[in-house]
Amino acid sequence: MNPYIYEDTSDLLSSSSQYSLIDGISCIVTEERNGRFDLELQYSLNGVNSGKIVPNAIIMSEPRPDADPEPFRICEIEQTIDGVMLVKANHIAYDLIGSTCYSGFYRTGIANAIAMQSSFSNNSWWTLTTDLTDTTTEIGVDNPITMWEYLGRLVSLFGGELKYSWDHNNNKLKVELLSARGVQKSTTIQYGSNIIALDRVRNSNNSYSKVTAWWWDGSSIASIVTGSVSTGITDPVRELLVDAKSSFPTAPTSAELQAVAQAYIDANGLSDGVQDELTVDYVPLDITTEGASSERLDLCDTATVDASLIG
C-alpha cells in the first residue's frame, strides 16, 4: 500500500495538496459484506507528515492489492507514550449520514426507490445505482431519514449487496446496490496448501419453530395484522416476531405478511435450526510463485473450502 493524505474535502474533490504516508508503520483496511468499511493506520509522531494527520482529514489507500485507492475520513486519533499515532478512519461513504431527506414518501419497485436519491440533501457528490429489477416491493418513509439509513432499508427490503467506490474521474462517491457483487471462483482453500486456521461453530440460538410478520397503523392495537410461517422445527417451540410496518404503506393481507415471514426464514437459514459457521484464515496463493495461476478472492466471491478434517 502507498497511503497518502488530503487535509480536507476540498483537496480531495480537486485532487490537490496530497501528502505521502508511505513511511507509516502499518495501514490496514477492513471491508465486510454490507457492513463496515474502515481503515486503521499506525504512524510515528515524528513521521514526515505527522502534522497533516488531524481529525476529518482524508487518507487515500487501496482496500486490496489490485484496487484503486479509496478515501477514508479520520474519525479518531490516539497518541501513545511510545511515540505512535493510532489512527481510525471510516470510508467517505459514511458521510452519507449527513445527507438527509425530510419528506415522507412511498414508492413501489427498486427503480422508484433509487430515484428518491434526488430528494436527499448534498446529493451532488454521490450517485446511487442498482442492477436489481424488483417492481413490486413497497418502501415507505414517514419520518426524516439519512441516506445512510435509507441504504440499510433498501438492503433489508430488496436484498442485494452494497458496493462503495470512489469515482476518480468525476471525484464522486459511487454507491451500487448489486444483486451479486462477487463471482464463483475456481480456487480451493485446503489443509496442507493454504489454510492457516480453520474454526467451526455450530449455534442454535436462532432455532425458532415459527416466524410471524406483523403490521399495525401505529395507533390502534386493533389494527394489528399478522402472518405466520412454520420453520419446520418442532423443538424448541419458539416464535420470532418480524416488524413489517415499513414494508407496507397500508394494511397488508395475511398472505402478504406470510410472504415476508418466509423471505426472512430463507434469508436467515432458519429452517436449518442450527447455524453452521466456518471461519477460515488462509494465504492467498495468487500472490505466491507456487500459486501464480490461482484466482484472487475478493469480497463476496464464492470459493471451495475443504473442511473435511473437522467434519
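Predicted model: local features only at pLDDT ≥ 70, side-chain atom pairs only at ≥ 80, totals over all residues.
Residues are numbered from 1 along each chain as its sequence is written. Local features need pLDDT of at least 70, side-chain atom pairs count only at pLDDT 80 or more, totals for chains, interfaces and linings use all residues, and side-chain values use heavy atoms, leaving out hydrogens and water.

**Exercise 1.** Find the place of Thr 231, and decide whether Thr 231 is buried or exposed.

*Solution.* Start with the strands (DSSP runs of E, at least two residues, numbered from the N terminus). Thr 231 sits in the loop between strand 18 (225-230) and strand 19 (239-243). Next, take its relative accessibility: 6%. Buried means under 20% relative accessible area, exposed over 50%, partly exposed in between (1.4 Å probe, protein chains only). Thr 231 therefore counts as buried. Last, look at its side chain, which reaches the backbone oxygen of Tyr 208 at 2.4 Å.

**Exercise 2.** Give the strand order of the open sheet of 7 strands, and name its edge strands.

*Solution.* Two strands pair if DSSP finds at least two bridges between them. The order is 2-1-5-6-7-4-3, with antiparallel pairing. The edges are strand 2 (18-20) and strand 3 (26-31), and each pairs on one side only. Ser 61 has Glu 70 as its bridge partner in strand 6.

**Exercise 3.** Work out why strand 10 and strand 13 stand at the edges of their sheet.

*Solution.* This open sheet of 3 strands runs 10-14-13, with mixed pairing. Strand 10 (126-130) and strand 13 (161-167) each have a single partner strand, so one side of each lacks a neighbour in the sheet. Strand 10 pairs with strand 14 (residues 172-178) in the parallel sense over 5 bridges. Trp 126 has Leu 173 as its bridge partner in strand 14.

Terms used: Helix = DSSP H or I, 4+ residues; strand = E, 2+ residues; numbered from the N terminus. Polar contact = N/O pair within 3.5 Å; in protein donor to acceptor, adjacent residues only side chain to side chain.
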